[in-house]
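Subject: Handing over the structure

Hi,

Here is the structure I promised to pass on to you. Have a look at it first, and then read on for what turned up in it.

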Amino acid sequence: MPLATGRRLVLCAGLFALIAGAAPAAFAASRNAAVPDTTGGTRVVMLGTGTPNPDPDRSGPAVAVIAGGRAYLVDCGPGVVRRAAAAAARGIRALEADRLSIVFVTHLHSDHTVGLPDLMLTPWVVERRVPLEVYGPPGIKDMTDHLLAAYAEDIRIRQSGLEPEKSDGYKVNAHEIEEGLVYSDSNVTVTAIAVPHANWEHAFGYRFEAHDRVIVISGDTRPSEAIARACNGCDVLVHEVYSLKGFKNRPSVWQRYHADAHTSTEQLAGIASWARPKLLVLYHQLFWGATDEDLVREVHRGYSGAVVSARDLDVYPLPVESAHPKKR
Ligand SMILES: [Zn+2]
Ligand SMILES: [Zn+2]
């Protein structure tokens with residue numbers, strides 16, 4: 001996407017900020033307070049909010065949309081299965097390891113896919129009996145084929161020894177996608193959105209439409225009008241971001257790359273002002289010395305809607321009954 005579009009979105013910020021308003025209380029965020037599947041509707045669980053930087057507090061990029069009691073994963077950065085287990089231990093049973101059976105990959109950057117062998121094999125070892133369904137850009141089939149080849153001896157030994165698990169749960173059905181409708185079942189309809197990300201030929205965001213909520217996840221992208229259009233009043237927009245203040249202190253060679261690959265807080269304010277999500281969730285944050293609060297402040301300079309900077313295991317939005325606790 002030409003940079004001019006990003007500038008156009010930023011220019012729109014003032015206009016739309018006036019009508020965006022604050023999000024209703026029902027869409028407030030719940031920080032590290034996972035809720036059981038039986039309460040609330042479709043939700044987003046932030047399994048990993050990290051970047052390639054090996055931050056011990058932020059696992060690699062991975063988000064789960066929980067709808068109809070099933071977990072639909074987006075990306076599989078390092079640590080994905082263990083973060084899912086942590087969310088399951090807090091009551092989100094759809095994220096129990098043996099129930100992880102479908103993932104939508106945004107692009108093939110290693111920080112978003114290093115957890116793919118984990119997602120293929122660990123759930124199988126703990127008795128997932130169905131193959132993993134993987135949707136992703138061209139190249140995802142080669143990746144899964146090579147990973148199965150790399151682990152062929154592990155698979156052979158587990159199947160031929162005394163370990164009781166002999167099912168086909170290690171297998172993978174890889175689906176190479178184009179933009180547009182990529183998946184549908186009784187819980188969700190999933191649309192892939194082509195996004196511009198450095199020199200990647202194929203990179204996607206995803207739009208999940210469930211019976212009660214629409215959730216859009218940007219993946220890695222520089223400012224994208226397509227993401228704004230896909231949201232267009234959605235319930236939750238999960239968007240990558242970097243600190244504008246931190247960016248100004250980066251070496252020029254890195255500034256060139258980040259401007260081509262990612263979205264600044266200022267640019268995201270413009271996108272959100274046009275897209276008017278009920279809740280904007282910042283993830284895959286490049287802080288460069290900034291804090292979560294700094295990022296939210298930077299976005300709020302150009303956008304007046306509800307914004308939260310996500311941490312691992314955050315859940316959005318809160319169920320209505322939790323947002324309005326009964327008085328005793
Ligand atoms: Zn990334
Ligand atoms: Zn990337």
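A donor, in what follows, is an N, O or S atom within 2.8 Å of the metal. Please keep in mind that this is a predicted model.

The zinc ion (ligand 1) and the zinc ion (ligand 2) lie 3.5 Å apart, and Asp220 coordinates both. Another residue at the site is His112, which sits in helix α3 (residues 110–113), while Asp220 belongs to the loop between β10 (214–217) and α7 (225–231); the pair therefore ties together parts that are 108 residues apart in sequence. Are His112 and Asp220 buried or exposed? His112 is buried, and so is Asp220.

Which protein donors does the zinc ion (ligand 1) have? They are Asp111 (OD), His112 (NE2), Asp220 (OD) and His284 (NE2), at 2.2 to 2.3 Å from the ion. Along the chain, the donors of the zinc ion (ligand 1) are spaced as D-H-x107-D-x63-H. The angles subtended by the 4 donor atoms around this ion run from 86 to 162°, which makes the arrangement irregular. For reference, the ideal angle for four tetrahedral donors is 109.5 degrees.

Now for the overall build. The chain has 328 residues, and 53% of them are buried. Its secondary structure comes to 12 helices and 14 strands. Of the contacts in the chain with a separation of 6 or more, 70% are between residues 24 or more positions apart.

There is an open sheet of 7 strands that you can trace in the order β6-β5-β4-β3-β2-β1-β14, with mixed pairing. The edges are taken by β6 (172–176) and β14 (315–316); each has a single partner strand, so one side of each is left without a neighbour in the sheet. Further in, β3 (residues 70–74) and β4 (residues 102–104) pair in the parallel sense over 2 bridges. Leu73 has Val103 in β4 as its bridge partner. Helix α4 (residues 116–125) packs on this sheet and touches β3, β4, β5 (132–136) and β6, its direction making about 165° with that of β5. Helix α5 (residues 140–150) packs on the sheet too, touching β5 and β6, and its direction makes about 160° with that of β6.

What about the cysteines? The structure holds 1 disulfide, formed by Cys231 and Cys234 with their sulfur atoms 2.2 Å apart. The torsion about the S-S bond of Cys231 and Cys234 is about -85°, so this disulfide is left-handed. Both Cys231 and Cys234 are buried. Cys76 counts as buried as well, because its relative accessibility is 0%.

Finally, here are a few backbone details to look up in the viewer:

- Tyr316 and Pro317 are joined by a cis peptide bond, with omega about -20°. Pro317 lies in the loop between β14 and α12 (320–323).
- Glu127, in the loop between α4 and β5, has a positive phi near 85° although it is not a glycine. Its relative accessibility is 39%, so Glu127 counts as partly exposed.
- Trp288 also has a positive phi, near 50°, in a residue other than glycine. Trp288 is found in the loop between β12 (279–286) and α11 (292–300), and is partly exposed at a relative accessible area of 24%.

Enjoy exploring!

Best wishes

Terms used
Residues numbered from 1 in each chain as written. Chains lettered and ligands numbered in written order. Predicted model: local features only at pLDDT ≥ 70, side-chain atom pairs only at ≥ 80, totals over all residues. Heavy atoms only, no water. Donors = N, O, S within 2.8 Å, 3.2 Å for Na, K, Ca; no water. Tetrahedral: all angles 85-135°; square planar, octahedral: opposite > 155°, others 65-115°. Helix = DSSP H or I, 4+ residues; strand = E, 2+ residues; numbered from the N terminus. Buried < 20%, exposed > 50% of the residue type's maximum accessible area, 1.4 Å probe, protein only. Pairing = 2+ DSSP bridges. Contact = heavy atoms within 4.5 Å. Axes fitted to C-alpha atoms, helices over the stretch in contact; angles between N-to-C directions. Disulfide = S-S within 2.5 Å.
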